[in-house]
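Dear colleague,

Please find below the structure I promised to hand over. My findings follow directly after it, and I would be grateful if you would read them with the model open.

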Amino acid sequence: MAVGGSCSSHEYRSPHHSDRKKAMAELGNGKKQASPEEVHPRKAFGWAARDKSGVLSPFAFSRRNTGADDVTIKILYCGICHSDLHTAKNEWSNAIYPMVPGHEIVGVVTEVGQNVQNFKVGEKVGVGCIVNSCLSCQNCNRDYENYCPRIILTYNSLDVDGTMTYGGYSNMVVVNQHFVIRFPENLPLDKGAPLLCAGITVYSPLKEHGLDVPGKHLGVVGLGGLGHVAVKFGKAFGMKVTVISTSAKKEKEAIERLGADAFLVSSNAEQMQAAMGTMDGIINTVSADHSIAPLAFLLKTHGKMIMVGAPEKPLQLPIFSLILGGKTLAGSCIGGIKATQEMIDFAAKNNITADIELIPISYLNEAMERLTKADVRYRFVIDIGNSLTEA
Amino acid sequence: MATGLSGGKGHWTRRRQRPLDAATVCVREKVSGESTQWWSHEEEWERRRSSGRQLTSAPARSMGRRKKDFPLKYFACSPNLTVTSSNEALASASKNERYMENGNIAAASPEEVRRSPAFGWAARDTSGVLSPFTFSRRKNGENDVTIKILYCGICHSDLHSVKNEWQNSVYPIVPGHEIVGVVTEVGGKVDRFKVGDHAGVGCMVNSCRSCHECTGHQENYCPGMILTYNSTDADGTVTYGGYSDSVVVEEHFAVRFPAGMPLDRGAPLLCAGITVYSPMKRFGFDVPGKHIGVVGLGGLGHVAVKFGKAFGAKVTVISTSPSKRQEAVERLGADAFLVSKDPDEMKAAWGTMDGIINTVSAAHEVTPLLSLLKTFGQMVMVGAPEKPLEIYAFPLLLGGKSIVGSAIGGMKETQEMIDFAAEHNVTADIELISMDYVNKAMERVAKADVRYRFVIDIGNTLSAA
């Protein structure tokens, strides 16, 4: 998930934006900038987008040496998140090219720094959306690194040493141990990779807002990468889960395969009316523009709707849909590292994995195109270990 | 309608109310071919009782409009009548027409539902202009208290309603839901009030009392909640509010005013006060040391500042008017003041507030306000702009922030709020007006030209025309 976004009527920018602009300005000032291959001492390779067409191609770059607190990981799998697509195409107006996306990284530890106690060479680990934060602010101290103002994302971000971060569509990554997630033995690496973004993005707000209580009724809007994982977590929490979708044809899948208890077609006024005031919470994963007032009416008194998708246009919210019933519209963005580890452990214990389509790296551009059409059930995962070779 | 009175020769037609006549609530006209006669509904009861005739319920074949115009229970004088469901009748009544209030359904005779005359000011149409109006209140039941009204606050909702801005007004409307007065009668089962007590009535006069919300003291969210005015009560009658001389309300929905609590300055708390108090308690804005923003410095806003300070919070007022700064800081006790249109001031306050109470009912942008919130901060909307809010997703996502709606509060917390206000000397800043001034006051409310609530001195200035 990349920081920033288009809010045309208001100068909303994360604090990083000015740093990034400065870095870009320096690049143009004729100062000698090392090529991506020369910035760091270790050679690495991956696939990068060069411009806002978003088309990816082989790319040689470099990684830092393993620092005292670092863990070096040989990447085996990387999930394709819709954010990768948004960012590669500069849809959030914050892309810096060349960009190596990918923040659902799973691999094996190949080297650890001298201060690293918790990881050993050969261990299976993951890296999600965050590779650094200040570790000293109020949010970091409360295990909410995802809300740190100095957050550094796994790709397309300016790291503390002024270099760009490159993500998981690559052969290796070097990460501060604090931001590495241990994978339990029984969690499959390929199917577990998408949990590192999609999983935590739904798990974190469900826990925060008390939507993990057995018997409560959860609505899941949108049945894609995030939505299908939300259904699985919801059922694992012992909740009643209703999927709300625009596509009637997803009903069989939702109920029979994913285990949802009910399915509503959002354009079916009768169904929606019958379900009014029945849900304790709704997790809204949809990033296309859509109408949220009808969804708000599905909530019980004091019900909460959590936005984890980020539609480009502003949501139109008639305020009575919240006032009548004292309802909440909340946003949530990934989750902290502690919560991510907790989520992975919970998933391993409850056999929750993503439904994936495993692809070789050569299929990457086609997979991105299918992703724009939401033509995937429900996450592509790149088989990096077996298909990514140096160009 | 075959009434049996004229053997079917004449017929009853439905007419809109006789204009400008304070003595009639709704009128009917009997067209006899020779003359047109008018009755008020009080007169109609008298006629029927004294005529001694049984009235049938057989539909008049010539009266194609009967069901729409006259709910059958209108003529339910005889216990032998079968009555169509009042819901059916009510549902079919068009917005501009009114059905008679007969208090009770079907078998009750007019004697059993004798109503007490009442007098107030009502709006007759979407112009919202109020004028004197005679109507009636129910007799005091065993769970009821009757309150002689002394003061009634003017809430902006009253203005929205009289002008039909929320598309749900049924005229005539007697607004007013910040009612304070003295108890003049109590029913046999009433134990919280006695005659002579000071009592108030807020925005609700009834609810189902059995749903999850009601049993959880959240009557304000009961799906069957009945508002103090412009609502249909359980007995089919329309509720009339506090711009009147008296009100009869079930004990559960009356609020005791502690001794020493000023009645005039306390009246606005019954709506404005509870509307901000309830979410401030619910979302933990009442914890000392928290930083609360209050958007809009009007009836709700100024009370929110006072409660915030009474809770021990740091309070920052956010307003479009720089001219309110001195007032906010020096008189109301706010700790800081931000002009929302000043980007530098706003930016300096980014990420500093635990919560925001947004009282503004005009259309405005909420994105700059969300930036003021800390991580997980909540903005509570208690104002109700007419147009939908435009909410960009990222400002909510990046920081885990929320927008929450809140509508008044339950009866238990309303009493708690009044007791807290009495203890901490929290009252509204008011401009006391006479009843005659009400239309001018409404105009000024539309322009937000009041500091900060009009209160009508009902006791001294409302008299029957």
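Across the interface of chain B and chain A of this predicted model, eleven residue pairs are in polar contact, both members of each pair being at pLDDT 80 or more. Salt bridges between chain B and chain A, by contrast, number zero. On the side of chain B that touches chain A, at least two residues each are supplied by α11 (367-371), β17 (373-381), β18 (389-391), α12 (393-397) and β19 (402-405) of chain B. The largest share of that side, five residues, comes from α12(B). Sorted by class, the side of chain B that touches chain A holds 22 nonpolar, ten polar and five charged residues.

As to extent, the contact involves 43 residues from chain A and 37 residues from chain B. About 3,400 Å² is buried between the two chains, and carbon and sulfur atoms give 67% of this area. Within chain B, the residues that lose the most area to chain A are B:Tyr392, B:Phe394 and B:Leu397, which together account for 21% of what that side buries.

I also examined one helix of chain B, α8 (residues 299-311). α8(B) is mostly covered, with eleven of its 13 residues buried. The buried set includes the run from B:Gly299 through B:Leu300, B:Gly301, B:His302, B:Val303, B:Ala304, B:Val305, B:Lys306 and B:Phe307 to B:Gly308, and also B:Phe311. What do these buried residues of α8(B) pack against? Their partners in chain B are the helices α7 (272-282) and α13 (411-423), together with the strands β13 (291-295), β14 (314-319) and β21 (453-456). Just after α8(B), B:Gly312 adopts a positive phi of about 90°.

Finally, a single position in chain A deserves a note. A:Thr340 belongs to helix α11 (residues 337-349) of chain A. Is A:Thr340 buried or exposed? Its relative accessible area is 5%, and a residue counts as buried under 20%, so A:Thr340 is buried. Setting aside neighbours within four places in sequence, A:Thr340 is in contact with A:Ile181, A:Leu196, A:Ile200 and A:Gly335.

With kind regards

Note on methods
Residues numbered from 1 in each chain as written. Chains lettered and ligands numbered in written order. Predicted model: local features only at pLDDT ≥ 70, side-chain atom pairs only at ≥ 80, totals over all residues. Heavy atoms only, no water. Helix = DSSP H or I, 4+ residues; strand = E, 2+ residues; numbered from the N terminus. Expected span 1.5 Å × (residues − 1). Buried < 20%, exposed > 50% of the residue type's maximum accessible area, 1.4 Å probe, protein only. Contact = heavy atoms within 4.5 Å. Buried area = accessible area lost by both parts, 1.4 Å probe. Salt bridge = Lys/Arg side-chain N within 4 Å of Asp/Glu carboxyl O. Polar contact = N/O pair within 3.5 Å; in protein donor to acceptor, adjacent residues only side chain to side chain. Nonpolar A, V, L, I, M, F, W, Y, C, P; charged D, E, K, R; others polar.
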